[in-house]
Amino acid sequence: MRILHVYKTYMPENSTGVPKVIYEISEPLSSLGVRSDVLVTGDRETQEPFKIGNHYVHLAKRDLHVASTSISISMFSKYRDLCKQSDVIHFHFPWPMMDVIDVAIQSKKPKVVTYHSDIVKQKRILPLYRPLMHKFLSGMDVIVATSENYLESSSTLQKFKKKVEVIPLGLGERPSLNQSKVEFWRQKVGSGFFLFIGANRYYKGLNFLVEAARNTQYPVVIAGFGFSGFVERERTPPNVKVVGAIDEDDKEALLELCGSFIFPSHLRSEAFGVSLLEAARASKAMISCEIGTGTSYVNRHGETGLVIPPANVEALSDAMTILHDNPALQNEYGDAARRRYETLFRSEMIALRYYDLYQRLCAD
């Protein structure tokens with residue numbers, strides 16, 4: 001069986017979010033004889049695919065990037081050629097260029113789309129895009145929502161509910177700890193702190209986290225991309241340490257050292273929260289916001305952590321105090337989070353659900 005994944009970007013250019021999801025689907029299925037191809041845009045064109053792990057990446061040159069949308073003319077011909085060799089086309093929404101390509105080429109192969117997020121930031125252009133979006137989604141054999149929470153709260157998914165299946169996101173097992181990295185970070189930031197890992201994006205709620213840290217004076221570590229000038233702009237207090245971009249070893253070391261994981265995303269653009277899964281996998285209690293998305297599927301209030309109202313500094317401060325003052329509760333939530341990961345979110349389990357879906361589509 002051969003699967004073609006289509007999205008706007010992928011590894012090594014981008015290893016977070018949707019690209020990480022595609023990786024976690026593709027790699028486990030290689031052991032079942034499934035070949036996965038990933039067609040994406042990049043800064044350069046490749047005539048031949050290159051391998052990442054056990055699957056293949058095809059780059060179409062990115063000609064333009066506007067309103068979070070990569071545009072590529074050569075994508076059309078590459079998509080047409082790869083469709084002929086594939087058994088199932090697997091799209092990853094949203095990316096309007098993908099909708100245009102699908103409507104223009106009109107491949108007869110079975111099609112599935114994983115619906116990662118509603119259109120949130122680009123609301124002004126949504127009325128213009130909506131007819132194309134509905135045509136694209138109408139042409140899918142199956143639409144996959146990543147949680148029941150998102151299915152129920154998305155007006156777009158509700159319009160197509162009869163063809164929606166729910167398959168959550170998954171992660172492989174936690175990599176081995178690099179003890180030298182653990183000791184490096186212990187010397188640098190200590191232990192028992194509240195940890196945020198992610199990109200500095202408009203929907204992450206980091207301004208609320210800074211204010212809550214200012215109120216409580218508890219130690220907070222912020223790690224990830226896009227934090228140039230953040231300390232000056234947000235006037236972060238001394239108890240907030242912004243460490244910037246980190247690699248996988250650094251990430252696991254910080255997760256090992258932290259007391260709890262904090263995820264203050266306050267808008268629906270945060271559709272699931274892979275960082276929450278990484279924290280659950282590392283047996284960490286979590287704080288997140290109720291925004292009607294998969295974040296509250298990963299983090300269950302009163303079971304794996306605390307779920308609070310979004311954009312609410314007082315509620316965030318109170319949640320931090322509860323966990324900070326109750327180490328036993330932190331451990332209890334962390335153990336439950338790990339059990340939830342093992343039961344629901346292992347990448348091998350998720351990949352097998354997609355494998356079953358692919359087989360059904362091929363058999364129809």
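## Close-up views of side-chain contacts

**View A. Phe 91 is buried, with 0% relative accessibility, in this predicted model.** Across the whole structure, a search turns up 13 aromatic pairs. One of them joins Phe 91 to Tyr 79 in a tilted arrangement, with 6.1 Å between centres and 35° between planes. Follow the ring pairs onward and you will find Tyr 79, Phe 91 and Phe 136 linked into a cluster. Tyr 79 is itself buried, at 1% relative accessible area.

**View B. Phe 261 and Phe 263 form a stacked aromatic pair.** Their ring centres lie 6.1 Å apart, and the angle between the planes is 25°. Phe 261 is buried, with a relative accessible area of 1%, and Phe 263 also counts as buried at 1%.

**View C. Arginine side chains sit over the rings of Tyr 56 and Tyr 150.** Look for the charged end of Arg 35 over the ring of Tyr 56, where the distance to the ring centre is 3.8 Å. Over the face of Tyr 150 lies Arg 268, and here the distance to the ring centre is 4.3 Å.

**View D. Asp 37 and Arg 2 form one of the 23 salt bridges in the structure.** Their closest N and O atoms are 2.7 Å apart. Because Asp 37 lies in strand β2 (residues 35-42) and Arg 2 in strand β1 (residues 2-6), this pair ties together parts of the chain that are 35 residues apart in sequence. Asp 37 is buried at 0% relative accessible area, and Arg 2 counts as buried at 16%.

**View E. Lys 161 and Glu 152 form a salt bridge between partly exposed residues.** The closest N and O atoms are separated by 3.4 Å. Lys 161 has a relative accessible area of 38%, while the value for Glu 152 is 47%.

**View F. Within helix α14, Glu 342 and Arg 338 are four residues apart and meet in a salt bridge.** The N to O distance is 2.8 Å. The helix covers residues 327-344, and the spacing of the two partners amounts to about one helical turn. Glu 342 counts as partly exposed at 33% relative accessibility, whereas Arg 338 is buried at 16%. Widen the view and shared partners join Glu 173, Arg 338, Glu 342 and Arg 346 into one network of salt bridges.

Technical notes:
Residues are numbered from 1 along each chain as its sequence is written. This is a predicted model: local features need pLDDT of at least 70, side-chain atom pairs count only at pLDDT 80 or more; totals for chains, interfaces and linings use all residues. Side-chain values use heavy atoms; hydrogens and water are left out. Rings of Phe, Tyr and Trp (its six-membered ring) pair if their centres lie within 6.5 Å; planes under 30 degrees apart count as stacked, over 60 as edge-to-face and the rest as tilted. Buried means under 20% relative accessible area, exposed over 50%, partly exposed in between (1.4 Å probe, protein chains only). A charge sits over a ring if NZ of Lys or CZ of Arg is within 6 Å of the ring centre and within 35 degrees of the ring normal. A salt bridge is a side-chain nitrogen of Lys or Arg within 4 Å of a carboxyl oxygen of Asp or Glu. Helices (H or I, at least four residues) and strands (E, at least two) are DSSP runs, numbered from the N terminus.
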